[in-house]
Structure formats: structure tokens, C-alpha cells
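Trainee: Please give me a close look at one part of this model, and then show me how that part sits in the whole.

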Amino acid sequence: MASIDTLIRRQMEQTENRHNKLKSDEDNRKAPLAEFAQNDEQGRIHYIDLRHVIERRDWENELHLRNSAYRRVAGEFDSVNSEIMN
């Protein structure tokens, strides 16, 4: 029978593998969106990459961020909006 340390280590590895797979899937989905915005000749479409703003610890659950993360996301939107308006 496996020791508790071995079971915990396996669980941590599985969690990390899931996280890496999800990140890879997210990267693959976001790249075309960024390219689509970049190729908009009229400059009407803007892509805001939030991957550098949101960290794993920022999630309240699978769908919702913690309030502190929402504030950082709002700051990114504000920065982009300011650039657009100037």
C-alpha cells in the first residue's frame, strides 16, 4: 500500500498536469483571438490578455475571481480604454 506522502505527491502531480493542460488549451484558444484583433485595420477590436494579471490563487472557484483580482482586471481594462481614448 502506498504511503500518505506518495498519495499526496501523486495528487499534486495530477493537479499540476491538469493545470498545465488547461494553460496549453487556453493559449491555443487565445492566440487566434489576439491575431484577429491585431489584424483589424480599423482598430475597432482590442484584445486584452489577462493571463499575466490573473494567478492561480486569484480564483474563488472555477468561475469567479476574488475581489482583488477583479480590481486588477478592471485596471487592465482601464489602461486599454485610456489608450483608445487618447
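Mentor: A residue is buried under 20% relative accessible area, exposed over 50% and partly exposed in between (1.4 Å probe, protein chains only). This is a predicted model, so local features need pLDDT of at least 70 and side-chain atom pairs pLDDT 80 or more, while totals for chains, interfaces and linings use all residues. Numbering runs from 1 along each chain as its sequence is written, and side-chain values use heavy atoms, with hydrogens and water left out.

Let's take Arg56 as our part. Arg56 sits in the loop between H1 and helix H2, which spans 67–85 (helices are DSSP runs of H or I, at least four residues; strands are runs of E, at least two). With a relative accessible area of 46%, Arg56 counts as partly exposed. Leaving aside residues up to four places away in sequence, Arg56 touches Thr15, Glu16 and His19 (a contact is heavy atoms within 4.5 Å). Take His19: 37 residues separate it from Arg56 in sequence, yet their C-alpha atoms are 9.1 Å apart.

That brings us to the largest pocket, with about 720 Å³ of space (open grid points, 1 Å apart, with protein on both sides within 12 Å along at least five of seven lines; lining residues have an atom within 4 Å of a point). It has 17 lining residues, and both Arg56 and His19 are among the closest to its centre, along with Glu26, Ile54 and Trp59. Sorted by class, that lining has 9 charged, 5 nonpolar and 3 polar residues.

For contrast, look at Arg29, which lies in helix H1, residues 4–38. Arg29 is exposed, because its relative accessibility is 54%. Its C-alpha is 36 Å from that of Asp5, for a gap of 24 residues in sequence.

Now step back to the whole chain. The protein has 2 helices and 0 strands. Its radius of gyration is 18 Å, well over the 12 Å that the globule rule gives for 86 residues, so the protein is more spread out than a compact globule (C-alpha atoms; the rule is 2.2 Å times the number of residues to the power 0.38). Along the principal axes, its C-alpha atoms fill a box of roughly 65 × 30 × 15 Å. Buried residues make up 12% of the 86. Among contacts between residues at least 6 apart in sequence, 32% join residues at least 24 apart.

Definitions and conventions:
On a 1 Å grid over the protein atoms alone, a cavity is a set of points where a 1.4 Å probe fits but cannot get out, and a pocket is an open set with protein on both sides within 12 Å along at least five of seven lines; lining residues have an atom within 4 Å of a point. Grid points are joined across faces, edges and corners, and a volume is the space filled by probe spheres set on the points. Ala, Val, Leu, Ile, Met, Phe, Trp, Tyr, Cys and Pro count as nonpolar, Asp, Glu, Lys and Arg as charged, and the others, Gly among them, as polar.
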